[in-house]
Amino acid sequence: MHIDDLRALAPVWLSKTEEQREDKAHWGTNYTGDIYGTGWISEMHGYSFGAAEVGLRHKINDNLMIYPGYTPREGIEPILMHYGLPFSVGNWSFSKLEHHEDDIVYDCGRLFPEPPYPREVKGMETDPNQRRALFLNLECINTLNEGLLLQHTANGCPKPKWSKYLSFLKSKTFAELSQPRLVTPKSVQMMEVEHMQTQEKHVGNPGKPYPKIHTIFSTECSPYFDWQTVGLVHSFHLSGQPGNITRLLSCKEEDLKQYKGHDLATTHYVPSMSRHPLTGDWYPAINKPAAVLHWLNHAKIDAEYIVILDADMIMRGPITPWEFNASLGRPVSTPYDYLIGCDNELAKMHTRHPDACNKVGGVIIMHINDLRRFALLWLHKTEEVRADTAHWSRNITGDVYEAGWISEMYGYSFGAAELNLRHIISNEILIYPGYVPAPGVKYRVFHYGLEFRVGNWSFDKANWRNFDFVNKCWAKFPDPPDPSTLDHTEENALQRDLFSIECGNTLNEALRLHHEKKKCPDPTSISSPIRENLDSISLSPPNQETAREVTTSRKFGKIEEISASRHSPDLKNESRESSLPAMANETFTAMRFWIIGLWAFSIFVFATVISVMLSGRKGQRKRGKSFKTKRRSSHSGFRDLNGNDSHLRSAEIA
């Protein structure tokens with residue numbers, strides 16, 4: 001198998017094996033062919049079903065391997081023996097199951113029971129093909145015993161005593177019987193015929209192998225991106241996507257030293273450009289083109305096509321250039337219709353080919369040669385649009401916050417237009433949970449950049465910006481509703497809600513598997529108070545004040561991410577955009593109340609201090625007169641003096 005095929009198959013092979021193993025209702029012999037009906041061959045079905053899921057069609061050849069005990073075809077020389085079944089020669093027999101707990105490898109000098117000798121076998125069978133079968137049986141067991149002898153020697157065992165059988169294993173006769181086998185011309189011919197038949201089935205297909213694909217996504221070193229990474233990587237392995245996936249991690253050196261998520265994905269490390277090294281502009285979104293450029297310049301890439309995703313995505317199926325017709329000079333992407341700057345003066349100012357500006361983003365499939373030409377322009381055009389603050393207004397950019405936050409998206413579209421890269425725009429790759437799916441479309445990606453809800457349950461990624469799901473054992477999001485509780489009367493609403501539930505469940509399943517991999521303690525074995533604390537993690541999001549710690553003013557543009565600004569509102573869908581201006585107003589209002597309260601408190605404290613000081617002076621005058629009187633008449637003046645001193649000190653302190 002080609003390595004890229006194996007990388008695509010392996011996770012599906014595992015998941016399908018688990019799936020079959022759990023399907024006990026269909027373990028029967030009439031379903032599986034398993035004569036024991038115990039689900040023992042679930043792994044084999046897992047392989048076949050996994051390969052079918054990924055789209056791998058095998059060339060099948062039954063000439064290369066044989067089970068000892070089976071009769072080989074005439075003219076066919078098997079090159080592999082599989083001793084998974086019992087086999088015999090005359091009264092002698094061998095079954096691997098009889099040696100399941102046998103430590104024969106470490107028991108010096110002990111071998112499997114010796115079989116009959118070749119000369120004895122010649123008299124057992126007159127049919128040449130049946131005799132060949134018996135000789136294959138001998139070859140198998142004798143090769144096993146020869147291997148044991150060599151291993152015993154390697155273990156330091158003493159030289160075994162001479163025996164007739166040991167002498168045979170070292171003889172020329174055995175060497176000739178066990179010499180390496182080559183595939184016979186007849187076997188090769190049969191394989192070639194089968195290969196030609198396979199090619200004939202694909203009429204119209206030139207037979208060119210599919211190009212290699214590599215998937216990448218950009219993140220930063222924070223808990224917010226870590227749980228998104230866990231979700232995306234988990235879904236990638238289930239999706240059947242060919243090739244590998246690499247995380248482009250943008251991080252400052254000091255933050256990288258404290259970072260705990262190095263093992264979450266195959267990672268390419270990139271210096272952070274969140275704070276622009278030249279302008280000082282705070283704009284984390286620029287890390288995406290900067291990271292892609294850095295990866296192209298520093299990584300060894302053997303893929304022909306690159307698929308670029310965002311971290312806040314869940315893959316549901318493969319995204320391939322051959323299915324969506326990407327080619328050199330013709331990348332594929334998904335529509336971002338709110339990028340109105342492609343249709344007005346913004347495009348005319350920032351690209352020589354405004355007519356080539358495509359309103360696209362989200363998922364990108366691009367030939368590696370196009371990406372190498374394009375990546376630097378993507379970065380430069382992002383910086384250019386970001387610096388063009390005079391044209392950040394909503395009527396020019398479509399940015400509802402007028403904060404220049406979607407500069408990176410325009411950087412992509414203007415950079416592609418500059419090279420005259422005209423996209424194939426597909427509506428069948430990406431969907432936002434909460435949107436009504438088109439009938440019959442098999443969407444490949446969930447993009448959960450917007451809030452979505454099902455009944456009273458909702459999910460908004462921004463509410464979980466500061467929560468460390470990855471490093472808190474068994475932490476998860478609130479569970480979405482059970483699909484069985486949904487209203488089935490309205491088909492569009494039902495499909496919309498099923499997609500939303502699928503997205504939420506996939507994220508939680510990814511977290512669960514991550515915590516299992518981390519070897520988190522069994523939640524059932526944790527003491528009650530701790531378990532209750534863990535359970536509370538998934539009950540409700542952080543309070544709104546905590547969730548909004550990252551809200552910032554548009555004036556300075558210190559916003560980590562505004563996913564809502566990427567999407568135009570749709571009244572038909574259960575997605576809601578976060579209101580950053582509203583949050584800024586709340587912050588301002590709260591600050592105003594704090595200032596007024598502090599001012600009132602200061603006046604109160606000042607008045608109290610003045611009052612105490614004035615009352616203290618009056619007290620001193622009164623006590624001074626009484627002191628003189630007491631001094632004349634008292635016989636214990638020293639004690640009185642000390643008592644009055646203490647009163648005076650109290651007044652001074654006051």
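This note goes through the predicted model point by point, from the whole chain down to single residue pairs.

1. How to read the values. Because this is a predicted model, local features need a pLDDT of at least 70 and side-chain atom pairs count only at pLDDT 80 or more, while totals for chains, interfaces and linings use all residues. Residues are numbered from 1 along each chain as its sequence is written, and side-chain values use heavy atoms, with hydrogens and water left out.

2. The chain as a whole. The protein chain has 21 helices and 17 strands, where helices (H or I, at least four residues) and strands (E, at least two) are DSSP runs numbered from the N terminus. Of its 654 residues, 42% count as buried; buried means under 20% relative accessible area, exposed over 50%, and partly exposed in between, with a 1.4 Å probe and protein chains only. Among contacts (heavy atoms within 4.5 Å) with a separation of 6 or more, residues 24 or more positions apart account for 72%.

3. The surface. The protein chain exposes about 37,100 Å², of which carbon and sulfur atoms supply 55%; these accessible areas come from the Shrake-Rupley method with a 1.4 Å probe, and for residues only the protein chains shown count as cover. A nonpolar patch on the surface, with about 910 Å² of accessible area together, is formed by Leu598, Phe601, Phe604, Val605, Phe606, Val609, Ile610, Met613 and Leu614. Patches are made of residues with over 30% relative accessible area and no salt bridge, with like charges joined within 9 Å and nonpolar side chains (Val, Leu, Ile, Met, Phe, Trp, Tyr) within 5 Å. Ile610 lies in helix 20 (residues 580-633) and is partly exposed, at a relative accessible area of 34%.

4. Helix 9. The 17 residues of helix 9 (residues 223-239) should span 24 Å at 1.5 Å a residue, and the end C-alpha atoms are 24 Å apart, which agrees; the expected span is 1.5 Å times one less than the number of residues. Of these 17 residues, 14 are buried, so helix 9 is largely enclosed by the rest of the structure. Just after helix 9, Gly240 takes a positive phi of about 80°.

5. Strands 5 and 6. Strand 5 (residues 213-220) and strand 6 run parallel and are joined by seven bridges; two strands pair if DSSP finds at least two bridges between them. Phe217 stands opposite Arg247 in strand 6. Seven of the eight residues of strand 6 (residues 244-251) are buried, so this strand is largely enclosed by the rest of the structure.

6. Salt bridges across the sequence. The structure holds 20 salt bridges, each a side-chain nitrogen of Lys or Arg within 4 Å of a carboxyl oxygen of Asp or Glu. In one of them, the side chains of Asp312 and Lys461 meet at 2.7 Å, N to O. This pair links distant parts of the chain, 149 residues apart, with Asp312 in the loop between strand 8 (305-310) and strand 9 (313-315) and Lys461 in the loop between strand 16 (457-459) and helix 17 (491-517). Asp312 is buried at a relative accessible area of 3%, and Lys461 is buried at 2%.

7. The side chains of Asp102 and Arg110 meet in a salt bridge (2.5 Å, N to O). Asp102 is partly exposed, with a relative accessible area of 27%, and Arg110 counts as partly exposed at 30%.
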